[in-house]
Structure formats: C-alpha cells, structure tokens
Amino acid sequence: MDQQTTQPTAPEHRRRVGMRIIKTVVAVFLCGLLAYFRSASAFYSMIAAVVCIQNSAGKTIESSVNRMTGTLIGGVAGVLVVYGLDTLGVLYIELLRYAVLAAMLIPIIKLCLAVKKPGCAAMACIVFLCITVDHSPGDTPAVYSIDRLFETLVGVALACGIDILLPYQPMPQPAQDPADKGEDKT
C-alpha cells in the first residue's frame with residue numbers, strides 16, 4: 001500500500017528575503033559598526049534592534065517604546081534591589097537572594113500594568129534579573145544599568161531609524177483562480 005504524500009508548495013513570497021529581514025540586518029550591522037568605533041560591545045544594541053524591528057513602522061515604534069520602558073523599569077528596580085540587599089548584608093546569600101528576586105517580579109510586573117505598558121513586563125523582568133542575578137562583588141549595578149539602558153537606546157534608535165527610512169514593500173499575492181473562490185465560471 002504505497003501512498004503518495006504531497007506537500008503544499010510554499011507561496012513565492014516565502015522564498016524571498018523581505019524588507020523586515022533586510023531592515024533587521026542593516027540595523028544590526030549599524031549597531032556593530034557603531035560599537036566598533038566606540039570600542040564597546042554591540043550585544044545589547046543588536047538584540048534591541050532584532051526585537052524592535054516589526055512588520056510596520058507603527059509596530060516597530062510600539063515595540064521600541066516597550067523595550068525602552070521595560071529596560072528602564074527593570075534597570076531601576078535591579079539597582080535598588082542590589083543596593084538594598086547589600087545594605088542588609090544578604091546580597092550573597094544565594095537562596096535568600098533568589099527568593100527575593102523571584103518575589104520582586106510581582107511588583108515589577110504590576111508596575112508595568114499600572115503604567116499601561118503590559119508589553120514591557122517581560123523586558124523589565126529580564127533586565128531586572130540580568131542586573132541582580134549576575135551581580136558579583138565589585139560590580140557597580142548603577143553603572144551596569146546605565147550602560148544597558150544606553151546600549152538598548154542605541155539599538156532602538158537604529159531600529160526605528162532604519163524602519164522609517166527604508167520603505168516597506170507589500171508581498172506579492174499569488175493570482176487566484178476564480179474556481180478557488182467558489183465563483184461560477186459560466
């Protein structure tokens with residue numbers, strides 16, 4: 001019993017490189033170029049550029065605002081918690097710190113909801129955890145947070161600029177046979 005399996009062919013537009021991909025590549029390259037000339041790391045700006053480029057300029061700007069808002073909320077919360085735990089002398093008691101960090105996600109998420117930016121909650125939590133979990137003796141969380149905010153701003157600005165400057169091109173639609181629409185050919 002030999003059954004022939006046929007796989008649907010992909011529409012033509014799925015095989016070509018679209019403008020969203022091109023814009024993302026250009027923005028990431030510019031982040032790297034700028035970091036190269038500044039002798040800095042491009043890691044966070046590149047990530048911001050990838051995350052922010054969306055399928056329309058409006059969505060890119062919305063994503064960028066969420067990214068910056070989340071980075072700011074998470075950064076400030078992370079700095080305050082690290083300094084608070086250090087002041088209390090419990091910063092390096094791992095299990096206690098992990099319990100506090102997990103519990104702190106509640107007010108961070110609630111703050112994002114309170115400022116009517118639910119889309120920034122995940123980013124706020126990620127930045128908060130970046131600052132607080134990988135903190136090691138001698139690190140200055142405020143400096144790390146400011147650096148992270150700046151690098152994110154670079155990526156967001158480049159993503160928005162590229163998205164606005166390079167035009168979107170609509171995907172070509174495959175021609176439909178009138179029979180496919182259920183129309184009568186007679």
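**Notes on aromatic rings and cysteines**

1. Let's start with F37: its relative accessible area is 62%, so F37 is exposed. Here "exposed" means over 50% relative accessible area, "buried" means under 20% and "partly exposed" is in between, with a 1.4 Å probe and protein chains only.

2. A quick word on what you're looking at: this is a predicted model, where local features need pLDDT of at least 70 and side-chain atom pairs count only at pLDDT 80 or more, while totals for chains, interfaces and linings use all residues. Residues are numbered from 1 along each chain as its sequence is written, and side-chain values use heavy atoms, leaving out hydrogens and water.

3. Now the rings. Those of Phe, Tyr and Trp (its six-membered ring) pair if their centres lie within 6.5 Å; planes under 30 degrees apart are stacked, over 60 edge-to-face, and the rest tilted. That rule gives two aromatic pairs. Y36 and F37 have ring centres 5.3 Å apart and planes at 70 degrees, so they sit edge-to-face. Y36 is exposed too, at 63% relative accessibility.

4. F43 and Y44 also make an edge-to-face pair, with 5.0 Å from centre to centre and 75 degrees between the planes. Both partners are partly exposed: F43 at 48% and Y44 at 22%.

5. C125 is buried, at 11%.

6. C160 is buried as well, at 16%. Its closest cysteine sulfur, in C52, is 6.4 Å away, so it's too far for a bond.

Note on methods. A disulfide is a pair of cysteine sulfur atoms within 2.5 Å.
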